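Have it open while you read.

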Amino acid sequence: VFPSLAQAQASVANEVYRELGQPSIFLFCPTEYCSSLCSPSPSKSCYLLTLGQELLPGIGVIWTGPKVVSQELSATLLEEVEGVLQRRPVIWDNLYANDYDCRRVFLGPYTGRAPGLMPRLRGLLLNPNCELQANFIPIHTLGSWFQSELRSCAHPDHAGTWMESAAALGDSQDTQEGSYSPQEALELALLDWVAEINRQALEPGR
């Protein structure tokens with residue numbers, strides 16, 4: 001019935017989206033959901049180009065970055081993805097995901113994300129560790145990163161130039177520390193986590 005997989009997927013997604021009354025949040029995960037799965041590249045992928053043309057504009061498209069688990073996210077890459085999909089992507093961030101190797105637990109701060117990414121995003125979802133309590137630091141430091149992004153957006157000196165600067169800076173940790181410091185965020189998270197552990201220890205039955 002359909003000449004390509006992308007057209008089939010877009011047709012089904014559009015039909016479901018309309019049937020549900022075009023909700024404000026409707027997410028579509030493409031078969032090519034990161035750069036390493038695209039052939040030859042995101043901007044030249046016939047599959048992604050078709051999705052960008054065929055999917056209704058209200059449908060959000062999930063993207064994980066350069067790889068399934070991306071150590072870094074840059075404004076330059078997100079700009080490329082936005083161009084081919086004709087919409088800002090929803091980042092499905094697998095930085096802390098350990099479902100592929102449950103012997104590992106990731107407890108470090110949220111890092112490797114260039115400053116000034118928010119204007120390039122429709123949203124950001126964090127795929128956490130499978131162990132509930134191990135996600136305190138990841139979620140806490142993600143909150144610190146998000147707050148620093150909001151401050152950058154609101155700062156009058158940066159209103160016209162911060163996005164261009166972020167694209168030029170890429171993922172440099174030295175420049176990132178000017179607005180968001182992973183080490184400072186980690187220290188704040190550890191203080192709050194210890195306080196939370198002590199609070200739970202005083203609960204009856206603990």
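Predicted model: local features only at pLDDT ≥ 70, side-chain atom pairs only at ≥ 80, totals over all residues.

1. Residues are numbered from 1 along each chain as its sequence is written, and side-chain values use heavy atoms, with hydrogens and water left out.

2. The sheet is open, with four strands in the order 1-2-3-4 and parallel pairing. Strands here are DSSP runs of E, at least two residues, and helices are runs of H or I, at least four, both numbered from the N terminus; two strands pair if DSSP finds at least two bridges between them. Strand 1 (27–28) and strand 4 sit at the edges, each pairing on one side only.

3. Strand 3 (residues 90–93) pairs with strand 4 over four bridges, in the parallel sense. Look for isoleucine 91, whose bridge partner in strand 4 is leucine 124.

4. What about asparagine 135? This residue lies in the loop between strand 4 (123–126) and helix 4 (136–154). Its relative accessibility is 5%, so asparagine 135 counts as buried (under 20% relative accessible area; exposed is over 50%, partly exposed in between; 1.4 Å probe, protein chains only). Setting aside neighbours within four places in sequence, asparagine 135 is in contact (heavy atoms within 4.5 Å) with Pro128 and Asn129.
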